[in-house]
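Take a look at the chain and its ligand below. A short briefing follows, grouped by topic.

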Amino acid sequence: MKFSMFILLLGTLAVSCQFNETGEKKADDKIVNNDTVTVDLNLKVGEELFKENCTSCHSIHEKIIGPPLYYIDTLSRQWVYAWLKNSQQLIKSNDKEANKIFNDFNKIIHPAFNFSESQIDNIVNYISNKRKMDDHSPPWIRNNSH
Ligand code: HEC
């Protein structure tokens, strides 16, 4: 009698473990395969990185210490990677754009960031998405100064 109760208990445990496993797997799959969720998560990551690392000097539409960044998705992505990784190296390599923006902003030395390319992609996508949303806001709340 005792023994069969034990077997029953083991069986129940095995069954509930299995359920847990499939449950978790399904939740993961949903995040990975659902484009909307993935895009939203990446934009959220981009927003956080931007707010933590860039907004002390940059806004999307206004010039602060650095230029506004609404046009960041029109710059070559390879250039943006190189700029954020080590702008001084880019300037010293005689890159025309890097020297121009450096001189235009009184040779303020840009901070160097140890970001992965996908983190930078997230920041760029967040900014360009935000700019598009702002531009698509109804005319009565749209700021027409840009
Ligand atoms: C300490 C202030 C400061 C911080 C922080 C900062 N920037 Fe800048 N950024 C500048 C300045 C100033 C310039 C103009 C060039 C120069 O003088 O270095 C610039 C230039 C740029 C440019 C080049 C724009 C162009 O038209 O070529 C990009 C892109 C850029 N920043 C992106 C970023 C991003 C993304 C972050 C956050 C990860 C960031 N910056 C953080 C001050 C800053």
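Of the 23 residues around the ligand, which come nearest? They are C54, C57, G66, F105 and I108. A residue is near a molecule if its C-beta atom, placed from the backbone, lies within 6 Å of it.

This is a predicted model: local features need pLDDT of at least 70, side-chain atom pairs count only at pLDDT 80 or more, and totals for chains, interfaces and linings use all residues. Residues are numbered from 1 along each chain as its sequence is written.

**Around the ligand**

- By class, the shell has 16 nonpolar, six polar and one charged residues.
- Ala, Val, Leu, Ile, Met, Phe, Trp, Tyr, Cys and Pro count as nonpolar; Asp, Glu, Lys and Arg count as charged; the others, Gly among them, count as polar.

**The chain as a whole**

- The chain has five helices and zero strands.
- Along the sequence, the pattern reads α-α-α-α-α.
- Helices (H or I, at least four residues) and strands (E, at least two) are DSSP runs, numbered from the N terminus.
- Of the 146 residues, 10% count as buried.
- Buried means that 20 or more other C-beta atoms lie within 10 Å of the residue's own; with 12 or fewer it is exposed, and in between it is partly exposed (C-beta atoms are placed from the backbone).
- Among contacts with a separation of 6 or more, 62% join residues 24 or more positions apart.
- Two residues are in contact if their C-beta atoms, placed from the backbone, lie within 7 Å.

**How α3 meets α5**

- Helix α5 covers residues 117-135 and packs against α3 at an angle of about 110 degrees, with the axes 10 Å apart.
- Axes are lines fitted to C-alpha atoms, for helices over the stretch in contact, and angles run from 0 to 180 degrees between N-to-C directions.
- α3 and α5 are therefore roughly perpendicular to each other, a label for angles of 65 to 115 degrees.
- V80, Y81 and L84 of α3 make the contact with E117, I120 and V124 of α5.
- By class, this contact has five nonpolar, no polar and one charged residues.
- Leaving aside neighbours within four places in sequence, I120 is in contact with V80, Y81, L84 and F115.

**The nonpolar core**

- The largest nonpolar core has ten residues: L69, I72, W83, L84, I91, A98, I120, I123, Y126 and I127.
- Such a core is a set of buried Ala, Val, Leu, Ile, Met, Phe, Trp, Tyr and Cys residues joined through C-beta atoms within 7 Å.
- α5 gives the most to this core, with four residues.

Note on methods. Parallel < 35°, antiparallel > 145°, perpendicular 65-115°, else oblique.
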